[in-house]
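Have a look at it first, then read on.

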Amino acid sequence: MLAIFSLLVVAGVVGFFFQPVSSVNAITPPPLPTIEGSVLTPEFGFHANPKKMVQNYLFREMGVARDIWRSQYKTLATIDDVKVYQQNHRDFFFDRLGQLWDKTPLRPIVGPTRTKGVVGSDAFRVETVLFESVPHFYVSAAMFLPDETRFKPPYPTLLIACGHEDEAKAYPSYQKAAALAATHGLAALIVDPLGEGERGQRLTSEGSTILHGTEAHYILGATSILLGRNTATFEVWDLTRALDYLESRPDVDAQRIGVAGNSGGGMQTAYLMALDDRVAAAAPICYLCGFYDHLIWKQGPQDSEQNIFGQLAFGMDHADYCLMRAPKPTMIGTTTYDIFPVEGAWETCRYAKRIFDRFGAEEKMSIAEHEDGHGWSKNLREATIRWMLRWLTDRNIEVVENESMPLCEPDELQCTPEGNVASLKDARSAFDLNRDYNDQLLVLRKEKQATRTDAELRATVRRVAGIRELSDIPRPSVEFKGRLVVPNEYHAIAEAKRLVLKSENGDITLPAIQFLPKETSKEIVLFLDDRGKTADMTTINRLVGRHETVLSVDLRGLGETKGTGARYLNHNLLGTDGIDFYFAYLLGKSFVGMRTEDLLSVARWSKEHYGKPVRLVASGESVELVALHAVSLEPTLFLDVKLEKSTRSWFDYVNEELPSYPITNVVHGALLEYDLPELERLTQ
């Protein structure tokens, strides 16, 4: 019977294979020199830059997905075709956002009204607003209202979503957009997003924010993914409830609500306008530019919430956010020198405009470009308000922003006594909401365990992690690439050979070293280490000294093929593989699944090549997680397995105060179906 061996296993249970070296009759060879970059080198005809191997493989997969999307787009010949497409894409989007919350009382707290500007000329009024999108989960906002002497309520209203600015609703460009709306007869509500403005999710004992901006979004995203959620889940829900709040106000015309935002706010705008029919007009600024042909290749995946699991494999490009709301008025804002490629914004508009034309509404899909860098510039603010006035009030007028328009000081827009919702007595964070759901899923998984067979569990694990049946995993081509140069005294005991295992049409190459004792080999050991195949030569030498044949392998994205990371990911908390993780995530793939297939492929080859099942030794959280999956799914390939360290359960990871975990170790929606203890049970 297969057993899991770890440091937690009681001493004495482990057999001969795991006895200390001193207790067996074996010659301990001298340490090998450090071996680096010894397999995937250009002179052997493989990858010139092995660290780009995984990314290049994923690029090929994205090219396939792009061609499929283009084919799907060409089928949208009639309005009926478009309506089916819209519903399918909405259903997919909501599914990938995961479980939302019940709509509960908003319990809004509205602050006193302040008047800015000259009454009767360019005046507007400002109120602070605090509401609960989920009980005790507070959303801070600011409401800009027209001068009642010039414009009478109920007002057409603009909901403004903020990008990644620490000041959020107090940031000048958002205030200016809201004030410009109010001076032209539109109310405007600016909402602080998670981790910005007053919405810090983690505070020090002194009350300062620990996590903010993109960092907060990435950390939240890493734990949300396991629950089948996304950072976008929270942002979409907050804006959905913001619409509910606007509908509840008697001074707002609920039939005439628009939404606009810049950068990360442009993304939020794109999501909300695609998913909520209450958005009568929309203007996503400095975001939409096309995934397949532009953003992926030029900038790579952006923040956690900008990547929806499997959207590229399903066929959801930036243009689809516009298509999903056709024929409702939509204007893309872009800048000539934006970080989101301007040519992609125009192409996205053209894709969408052709579909709007099916409805006879080509004029309702438009684009505005300003010669500037990334940001909601004055020209784009004017274009946005002009667009909203056209479609929310039927007024086609020139809009000019007053250069001397007064702004509020940050403290005038402060909704909470301490300037942070997390300081409120009963406040809950997004991490708290995830922990609540984590507890609920634990109960549901236990109920499933009571009736689910081992075969059903294995099938579920394969489906969720994306692991094919062994018969469907490509067999690698294996080439030995010569001996390593080792000291003479070592060579008398064992020899070391380079070899490579190539699969996935040659796109994936797994570098390996075979350590072969001169005496008859007793067992075959498949050795994995998070740090790389030669990082722990002490253990390898010990195994060889026991006359074990050792095959030490780098799974994809580890060792020689480990990616170098992306500038916007916290490497200390989430590892260096963020950009490659999100490439895979957009394709509906998990690194756990891909690496498990690598391991199964190597184990199958080893069993066939050496004529016996392998002993598996794994050291490091990433490879131990993969080992658990592989052994639980295909136990006949392995004689036994030793995990050198203790592997955290995903349940415990989600519940950590400040989650720190390689992001490549998470699987979207895994905790809806299984956790690591259930895999351990399968290996008993």
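Let's start with a definition: buried means under 20% relative accessible area, exposed means over 50%, and partly exposed is in between (1.4 Å probe, protein chains only). This is a predicted model, so local features need pLDDT of at least 70 and side-chain atom pairs count only at pLDDT 80 or more, while totals for chains, interfaces and linings use all residues. Residues are numbered from 1 along each chain as its sequence is written, and side-chain values use heavy atoms, with hydrogens and water left out.

C322 has 0% relative accessibility and so counts as buried. Its sulfur sits 7.5 Å from the closest cysteine sulfur, in C349, which is too far for a bond. C349 is in no disulfide either, and at 5% relative accessibility C349 counts as buried. With a disulfide taken as a pair of cysteine sulfur atoms within 2.5 Å, the count comes to zero.

**The parallel strands**

Helices (H or I, at least four residues) and strands (E, at least two) are DSSP runs, numbered from the N terminus. Two strands pair if DSSP finds at least two bridges between them.

Strand 8 (residues 252–262) and strand 9 pair in the parallel sense over six bridges, and G258 has A281 in strand 9 as its bridge partner. To get from strand 8 to strand 9 the chain goes through helix 6 (residues 264–275), and this β-α-β crossover is right-handed (with the strands pointing away from the viewer, the path from the first strand over the helix to the second runs clockwise). Six of the seven residues of strand 9 are buried.

Strand 9 (residues 279–285) also pairs with strand 10, again in the parallel sense, over two bridges. The partner of I285 in strand 10 is G333, and that of A282 is T330. Strand 10 (residues 330–337) has six of its eight residues buried, so it is largely enclosed by the rest of the structure. Seven bridges join strand 10 to strand 11 (residues 365–373), and these two run parallel. T334 has E369 in strand 11 as its bridge partner. The crossover from strand 10 to strand 11 goes through helix 10 (residues 342–358) and is right-handed.

**Salt bridges**

A salt bridge here is a side-chain nitrogen of Lys or Arg within 4 Å of a carboxyl oxygen of Asp or Glu. The count comes to 48, and the table gives a few of them.

| Pair | Closest N to O distance |
|---|---|
| R107 and E132 | 2.9 Å |

R452 and E673 link distant parts of the chain, 221 residues apart, and both are buried. Salt bridges that share partners join K103, R241, D244, E247, D276 and R278 into one network. D244 and R241 are three residues apart in helix 5 (residues 231–248), so about one helical turn separates them. In the R107 pair, R107 is partly exposed at 46%, whereas E132 is buried at 4%.

**A buried glutamate without a bridge**

What is the nearest side chain of opposite charge to E548, and how far away is it? It's R615, at 5.2 Å, and E548 is buried with no salt bridge (Lys and Arg count as positive, Asp and Glu as negative; His and the chain ends are not counted). E548 lies in the loop between helix 15 (537–545) and strand 16 (549–553). A polar atom of its side chain lies 3.2 Å from the backbone nitrogen of E523.

Notes: Polar contact = N/O pair within 3.5 Å; in protein donor to acceptor, adjacent residues only side chain to side chain.
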